[in-house]
Amino acid sequence: SESGGSGSSGSGGSDGGLTMGFAQVGAESGWRTANTKSIQDTAKSEGVDLKFSDAQQKQENQIKAIRSYIQQKVDVIAFSPVVETGWDTVLLEAKRAKIPVILTDRSVDSKDDSLYETFLGSDFVQEGEKAGDWLVENADESDVDGDGSIKVVELEGTTGAAPAIDRKEGFGSKIAADDSIEVVASQTGDFTRDGGKKVMETFLKSEKGIDVVYAHNDDMGLGAIEAIKAAGMKPGTDVKIITVDAVKDGMTALSKGEINFIVECNPLLGPQLMDLAKKVVDGEEVPKRVVTEETTFDQEQAAEVLDQRQY
Ligand code: GZL
């Protein structure tokens, strides 16, 4: 669906500001909702004429939206690629139309980095490493059934998405330090709560002695909690849970001890995105890569900051 942007097309929006076409992934998670809000709120406060589309997690819809922005001759295109591959053709069309492109949140695997001006987003490999480090450091308490081995089930993000690929890589590289830790099952829950619940239900049937759940985002972790409770187990106690994002619902579960550790992934990219867009449209140099600031939370830290969280 496409919305917003009553401004004129071409250089300079309706009020002389710039016109941006933004092709969003979808509305699959609390993180995505917060990310969309940050972009839309900042566009409004910065006088950016924003044309916005939601691709319902389908690459073909994002490509369609980017093509429509090219037709409308927007000043700049920004998007979060739902998967890493398959973007070169449409990005080449934008380049030929002389419309600069900014990648936000997720990146593309294109060899030709002249197809975009800059990539603003988190370091997902590092997020996975932080999750793996925590498990290695807390291995003793994570061997819940005390059988000497730590059996992990992994709820992966959208297949082919940069955060799913990189969070898996980062986590795996760190737990390799302790051979008592083993990922016994791993499957995509597509970053949604329902997906996480369904996959966890199958894991609880197929795997005996699960000690830890590593979910690539809070929403799948919250879905897993529903399945764990339905199986008569206490999440955070009978099964340790590690997630990524630190959205409100995840932090609430963490403060209650139903999740044990959360790696933050900052969705509030609006201000940096609009700043980069203005620089790019004005022909100013921008760094090829801008990494977002973010941290980690244990139960006590979550309880401390919960009421100040913006998302
Ligand atoms: C990460 C972002 C991911 C979030 C999920 O930057 O792409 O997509 O971790 C969201 O919650 O669905």
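This is a predicted model: local features need pLDDT of at least 70, side-chain atom pairs count only at pLDDT 80 or more; totals for chains, interfaces and linings use all residues.
Figure 1. For D245, an N or O atom of the side chain is 2.6 Å from an oxygen atom of the ligand. The ligand taken alone exposes 320 Å², and 100% of that is buried by the protein.

**Figure 2. The shell around the ligand.** The ligand has 13 residues around it, of which E28, D105, R106, R167 and D245 come nearest. By type, the shell divides into 5 nonpolar, 2 polar and 6 charged residues. At least two residues of the shell come from helix 1 (30-46), and at least two from helix 6 (162-175). The space that the ligand takes is the largest cavity.

Figure 3. R106 belongs to the loop between strand 5 (101-104) and strand 6 (118-121). Is R106 buried or exposed? R106 has a relative accessible area of 2%, under the 20% limit, and therefore counts as buried.

**Figure 4. K73, a residue with positive phi.** K73 is not a glycine, yet its phi is positive, at about 55°. K73 is found in the loop that runs between helix 2 (59-71) and strand 4 (76-79). Its relative accessibility is 55%, which is over the 50% limit, so K73 counts as exposed.

**Figure 5. A246, a residue with positive phi.** A246 has a positive phi of about 75° and is not a glycine. The loop that holds A246 lies between strand 10 (240-245) and helix 9 (248-255). Where K73 is exposed at 55% relative accessibility, A246 is buried at 0%.

Figure 6. E46 is located in helix 1, one of the helices that supply at least two residues of the shell around the ligand. The relative accessible area of E46 is 40%; this value falls between the limits of 20% and 50%, so E46 is partly exposed. In sequence, E46 and M220 are 174 residues apart. In space, the distance between E46 and M220 is 34 Å from C-alpha to C-alpha.

Methods:
Residues are numbered from 1 along each chain as its sequence is written. Side-chain values use heavy atoms; hydrogens and water are left out. A residue is near a molecule or strand if one of its heavy atoms lies within 4 Å of it. A polar contact is a pair of N or O atoms within 3.5 Å; within protein, one must be able to donate a hydrogen and the other to accept it, and residues adjacent in sequence count only if both atoms are side-chain atoms. Accessible areas come from the Shrake-Rupley method with a 1.4 Å probe; for residues, only the protein chains shown count as cover. On a 1 Å grid over the protein atoms alone, a cavity is a set of points where a 1.4 Å probe fits but cannot get out, and a pocket is an open set with protein on both sides within 12 Å along at least five of seven lines; lining residues have an atom within 4 Å of a point. A molecule sits in a cavity or pocket if more than half of its atoms lie within 2 Å of its grid points. Helices (H or I, at least four residues) and strands (E, at least two) are DSSP runs, numbered from the N terminus. Ala, Val, Leu, Ile, Met, Phe, Trp, Tyr, Cys and Pro count as nonpolar, Asp, Glu, Lys and Arg as charged, and the others, Gly among them, as polar. Buried means under 20% relative accessible area, exposed over 50%, partly exposed in between (1.4 Å probe, protein chains only).
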